[in-house]
Amino acid sequence: MEVEGSHVIPWATTDNGECLYWLALPNMEANVWTIMVNEACGPRWEHFSASFTQFLAAIIEGDLKSDILSSLFPLATHQFRRLGAV
């Protein structure tokens, strides 16, 4: 169901081509936006009810698992680059 005034905002990509987004709904604070992961070149999506920092910490620590992100993720060494630098 599409909510009028909602926006999908990209905030990360992986080396494999998966994209991570925020689902921004009207009148909703940014810290409760849904995090969505889209598989590379495919129709599958995952939705996570977590803030950005909760999601990032949990996925890097291995406390949160994704069926879309690589089974090798996260690597032992983490690297962050500005999206425009990719």
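This section describes the sheet, the helix packed on it and the aromatic pairs in a predicted model. Residues are numbered from 1 along each chain as its sequence is written. Local features need pLDDT of at least 70, side-chain atom pairs count only at pLDDT 80 or more, and totals for chains, interfaces and linings use all residues, while side-chain values use heavy atoms, without hydrogens or water.

Four strands form an open, antiparallel sheet in the order 1-2-3-4. Strands (E, at least two residues) and helices (H or I, at least four) are DSSP runs, numbered from the N terminus; two strands pair if DSSP finds at least two bridges between them. Strand 1 (7-13) and strand 4 (45-48) each have a single partner strand, so one side of each lacks a neighbour in the sheet. Strand 3 (residues 34-38) pairs with strand 4 over four bridges. Asn38 stands opposite Trp45 in strand 4.

Helix 1 (residues 52-61) lies across strands 1, 2 (19-24), 3 and 4. The helix runs at about 50° to strand 3. Axes are lines fitted to C-alpha atoms, for helices over the stretch in contact (heavy atoms within 4.5 Å); angles run from 0 to 180 degrees between N-to-C directions.

Seven aromatic pairs are present. Rings of Phe, Tyr and Trp (its six-membered ring) pair if their centres lie within 6.5 Å; planes under 30 degrees apart count as stacked, over 60 as edge-to-face and the rest as tilted. The ring centres of Trp11 and Phe55 are 6.1 Å apart with planes at 90°, so this pair is edge-to-face. Phe48 and Phe55 form a tilted pair, at 5.3 Å and 55°.
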